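Please look over the sequence and the model below before reading on. The text then goes through selected parts of the structure.

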Amino acid sequence: MVSSTDATQLRRSGSGDDLLKRFSEGDSRALARVISLVENEASGYRNLLSALYHRTGKARKIGITGSTGAGKSTLVDELAKLLVNQGSALGIIAVDPTSPFTGGALLGDRVRMQDLGAQKGVFIRSMASRGSLGGLAKATREVSMVLDAFGKDFLLIESVGVGQVTLDIAEVVDTTVVVLVPESGDGIQAMKAGLMEIADIFVVNKADREGADRIVTELEAVLDLKRKEDDWSYPVVKTEARKGLGVDLLLDHIRRHGEHLSQTGHLKRRKENLLRAEILQLLSEKVQEDIERRLVQGGGFEDIIADILKGNLDPYRAADQLLEQVKGAET
Ligand SMILES: Nc1nc2c(ncn2[C@@H]2O[C@H](COP(=O)(O)OP(=O)(O)O)[C@@H](O)[C@H]2O)c(=O)[nH]1
Ligand SMILES: [Mg+2]
């Protein structure tokens, strides 16, 4: 719920009722504006998200992850075409912290995006170079929320399969598709990178290349064990994304996984876990902001630092002391 003071603040910041009204009427320029405000953490953006929250929960969120050049963007394109033809409204988010601004792949992405973006119901956002890595996952979650609230049926979130950001994004999506290619023992690499753990569906793309069947066999062997312990089948799909081959089968598996999540109650549990993490994160952001503000206002912070430098105090005791001080100010 948005309190009346919050609503006033929103109106004052010029991003309030009118923007929300246009947003709810399906104005895609209002959508772009809301996303920018959220990405930039503009003042009042939390109130915006708060006002939109009750409209979320409908979109199916699909993560497509894998190494650079595996064919993720090509796959997303093909999935998008299928979904648009079936009458679905979709949002595409590309998250690639490794891709520099001038990179060829990104340029390719841009051209592709204009192409697809021109299609009705498709909204595309690239988050290639925004903020810190931690911020990237948060922004992805929040932008997904906005697109969901706008009424998108599907969100396709493409991310490079490296490190914590990928793992964080896997928490946000309902279904994670890991894309592998025949070259250079990618199967083994995937297992090392922890991608095995987060994948619900495996794609072996570039099936036209030598070695595709070998990696499928390798994967199947490892997955047999996982399948015995779990109630999901962890399908492996061979695709040739460049020609659109196998993509319809992939979409079938994605839909089937969605049904599996709802039927088994996994979806509800995932949502509950996500909510817990979300509330804790919001709370710690707020508490941190609050404490920082008080420390700056209250002064004395510099004295403490000087004390530590003089050897009279250490950062651990200083933090304890400051916490007591903040608590004391409360009562
Ligand atoms: N041989 C072959 N090349 C493909 C296939 N799918 C995509 N590619 C090519 O692989 C390159 C990287 O594709 P891209 O979708 O940008 O990969 P991303 O970095 O994972 O997003 C491009 O040149 C694609 O045309 C495929 O099925 N077979
Ligand atoms: Mg790409």
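The model is predicted, so local features need pLDDT of at least 70 and side-chain atom pairs count only at pLDDT 80 or more, while totals for chains, interfaces and linings use all residues. Residues are numbered from 1 along each chain as its sequence is written, ligands are numbered from 1 in the order in which they are written, and side-chain values use heavy atoms, with hydrogens and water left out.

Ligand 1 is surrounded by 16 residues, the closest being Gly 69, Lys 72, Ser 73, Thr 74 and Asp 208; a residue counts here if one of its heavy atoms lies within 4 Å of the ligand. Helix H5 (residues 72-85) gives the largest share of this shell, 3 residues. Helices (H or I, at least four residues) and strands (E, at least two) are DSSP runs, numbered from the N terminus. A backbone N or O atom of Ser 73 lies 2.9 Å from an oxygen atom of ligand 1, and a polar side-chain atom of Thr 74 is 2.5 Å from an oxygen atom of the ligand. Asn 205 places a polar side-chain atom 3.2 Å from a nitrogen atom of ligand 1. Taken alone, the ligand exposes 580 Å², of which the protein buries 78% (Shrake-Rupley method, 1.4 Å probe).

Side chains of opposite charge can pair when their charged atoms come close. With a salt bridge defined as a side-chain nitrogen of Lys or Arg within 4 Å of a carboxyl oxygen of Asp or Glu, the count is 23. In helix H5, Lys 81 and Glu 78 lie 3 residues apart, about one turn, and their side chains form a salt bridge at 3.0 Å, N to O. Lys 81 is partly exposed at 41% relative accessibility, whereas Glu 78 is buried at 17% (buried is under 20% relative accessible area, exposed over 50%, partly exposed in between; 1.4 Å probe, protein chains only).

Glu 285 and Lys 138 form another salt bridge, with the closest N and O atoms 3.6 Å apart. Glu 285 is in helix H13 and Lys 138 in helix H7 (residues 133-150), so the pair ties together parts 147 residues apart in sequence. Glu 285 is buried at 17%, and Lys 138 is buried at 9%.

In helix H2 (residues 17-24), the buried residues are Leu 19, Leu 20 and Phe 23. Seen down the axis, they fall within an arc of 95°, so they line one face of the helix (the arc is that of the directions from the axis to the C-beta atoms).

Definitions and conventions: A polar contact is a pair of N or O atoms within 3.5 Å; within protein, one must be able to donate a hydrogen and the other to accept it, and residues adjacent in sequence count only if both atoms are side-chain atoms.
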